[in-house]
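Hi,

Here is the structure I promised to pass on. Have a look at it first, and then read my notes below.

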Amino acid sequence: MAPGAFSAIMGAESFVMKAISVAGLIKNYGGLRAIDGISFEVEPGEIFGMVGPNGAGKTTTIECIEGLRRPDGGTIRVLGLDPQRDGYELRERIGVQLQATALYERIRVCEALQLFASFYRKRHGWGQNWEELVEPLGLADKLNSYYHALSGGQKQRLHIALALVHDPKIVFLDELTTGLDPQARRAMWALIKKIRAQGKTIFLTTHYMEEAEQLCDRVAILDRGKILALDSPSGLIASLGGENRILFTLEGPADVDSFQRLPHVSRVERIDGKIILYSSKSSVVLLELIKRAESNAWSLQDLHVQRATLEDVFLTLTGRALRE
Amino acid sequence: MRGFLNLTWIEVKLFLREWQAVFFTFIFLPMLLFFFGSIYRVSPEEMAGGFGPVDYMVPAFVAIGIASNAFFSIGGVLTSYRERGIFRRFRVTPLRPSGILGAQVLVAYLMTLLSALLLMILARLFFGLKTSGDYLSMWAAFTLGSLSIFSLGFLIGSLCKTARISYAVNTTLFFPMIFLSGATFPLEIMPESMRRLAQLIPLHHVVALLQNAWLGRGLAASRLNIAVLGGLFVLCAALSARAFKWE
């Protein structure tokens, strides 16, 4: 065989193992079907998000993948392993932050790190020196603090640290930023991007569309146990004809119908003197609008464009807002 | 194994940081000893077999230590760790279930053993404690008594849904048990009906077993106690295996 042939075969795309592959996953609770035959794959090194309202089945899905729950149908492979059959082997390789989990009240941060590190075969070079792990998490000065003395955000970051002590290949984050203030949430996003930059795959669930949009390479929108759409955030917004909004206020009585006749404007709304134009080609509309404003001597106030968001995508897909 | 040992060590530290556990295990029993030891000042010669009140009292108090750790450590901890999701968090690590639960039982056993040794040393120093059993029998009796009452605590911890319920159930069982089983007041001062009732309380059999071993009465004297406690252990272990849930 030619020297290149073997590596050509092994290098073929079909041989690259998926980080996670789920096919036809079904999970029932009593008579209720919580997960209704969902399938998707997660590529190594990506941030994959599962979004949807509370009760959509996000936590059930993530816990089936982690091996905490036994599926009623379908197959799951994580790094090529079956979470039910090869559970312990799998747990050596994944790091998990559970939704709504707690720790001993009277354990110190450094003791918790030490304890969790001892559960794994792989001995990372932390030794007693945790600064390298906790510095980026902002816990360097908290190593000797008790768990109960930490703030909500610090507890969450400690749970991330505990998910990272054994240098896992995949990190699972379930509703990581729920209950955090906006500033802490943004800091958390930067942190997750940093973790991905170390070559880890990240699977997260959230019910904040903004979070999915800012953070994820690809997003699966889950509702009532089914995946409604799966793509990159921008792809999702574009594929659904996600329209941008052009907002402004106009002095004096304005003829709303004249805006409707602008090319590429699909819809016009008027709310409390504020005019909103919907368009998938907002820059073209914007230029035309400014031209007409000049020739008609309109005075446009507070003119700005709002991008379509995943919230709009969800609204389009389900006919209802995400948080009702 | 490394994970199990680390978990056990952390649980020891957490035990010692919990004032209630420390009080019941290391302070309450010596208090009982000094209180009752000062009341019953009978010289050994006046009692049968040359043993004084303290020689009966110490194994009975050791049984109280067993009960307090069975209910408040094992039972309470099991419910509260489940309620707070600590077990769930361990379940997504490679730590085995036997390691997670084994650590809890081992810590309770070690703490109870320490409290028994402390009590015996104090009783020896201040009240001239005498034992005539061999140490191996005493240890075996202590271990059987611990495991059987621990299994009862484990079952209650498995059945109770919240730490509040668990605390209420454990308190309700613990105090009548230590007062009516002969662990606190000797059965000899109680009426016949109470003595018969005591036979139905598992802790009474621990008290009897430990006193027999401490006073060197031989295995034959404890046959009934051993059978009852062995049966209790098997029953509770089997029921716990069905009732126990991680979440």
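To start you off: which residues of α1(B) are buried? Before the answer, some housekeeping. This is a predicted model, where local features need pLDDT of at least 70, side-chain atom pairs count only at pLDDT 80 or more, and totals for chains, interfaces and linings use all residues. Residues are numbered from 1 along each chain as its sequence is written, while chains are lettered from A and ligands numbered from 1 in the order in which they are written.

Now the answer: B:Gly3, B:Asn6, B:Leu7, B:Ile10 and B:Glu11. A residue is called buried if 20 or more other C-beta atoms lie within 10 Å of its own, exposed if 12 or fewer do, and partly exposed in between, with C-beta atoms placed from the backbone. (The arc is that of the directions from the helix axis to the C-beta atoms.) Their cover includes α4 (109–117) of chain A together with α5 of chain B. Helix α1(B) has 15 residues, and its first and last C-alpha atoms are 21 Å apart, close to the 21 Å expected at 1.5 Å a residue. That expected span is 1.5 Å times one less than the number of residues. Helices (H or I, at least four residues) and strands (E, at least two) are DSSP runs, numbered from the N terminus.

Where the chains meet

The contact between the chains involves 20 residues from chain A and 17 residues from chain B. Two residues are in contact if their C-beta atoms, placed from the backbone, lie within 7 Å. On the chain B side, α1 (2–16) and α4 (86–91) are the elements that give two or more residues, and α1(B) gives the most, with six residues. Sorted by class, the chain B side that touches chain A has seven nonpolar, four polar and six charged residues. Here Ala, Val, Leu, Ile, Met, Phe, Trp, Tyr, Cys and Pro count as nonpolar, Asp, Glu, Lys and Arg as charged, and the others, Gly among them, as polar.

Chain A overall

Chain A has 12 helices and 13 strands, and its C-alpha atoms fill a box of roughly 75 × 55 × 55 Å along the principal axes. Of its 324 residues, 37% are buried. As for confidence, the pLDDT (the predictor's confidence in each residue, from 0 to 100) averages 86 in chain A, and 91% of the residues score at least 70. Be careful with residues 1–14 of chain A, though, where the pLDDT is below 50.

The cores

The largest nonpolar core has 137 residues, and those with the most contacts inside it are A:Ala161, B:Ala63, B:Ala67 and B:Leu210. Such a core is a set of buried Ala, Val, Leu, Ile, Met, Phe, Trp, Tyr and Cys residues joined through C-beta atoms within 7 Å. Helix α3 (residues 53–83) of chain B provides the largest share of this core, 18 residues. Not counting residues up to four places away in sequence, A:Ala161 touches A:Leu113, A:Leu133, A:Val134, A:Leu137 and A:Leu139. A second, separate core of eight residues includes A:Phe248, A:Phe259, A:Val285 and A:Leu289.

Helix α7 of chain A

What is buried in α7(A)? A:Met188, A:Ile192 and A:Ile195. After the helix comes A:Gly199, whose phi is positive, near 90°.

A few single residues

A:Arg224 is not a glycine, yet its phi is positive, near 50°. A:Arg224 sits in the loop between β8 (218–223) and β9 (226–231) of chain A. A:Asp302, in strand β13 (residues 300–306) of chain A, also has a positive phi, of about 55°, without being a glycine; A:Asp302 counts as exposed, with 9 C-beta neighbours inside 10 Å. Over in chain B, B:Met120 lies in helix α5 (residues 97–127) and is in contact with B:Val58 and B:Leu129, leaving aside neighbours within four places in sequence.

Cheers
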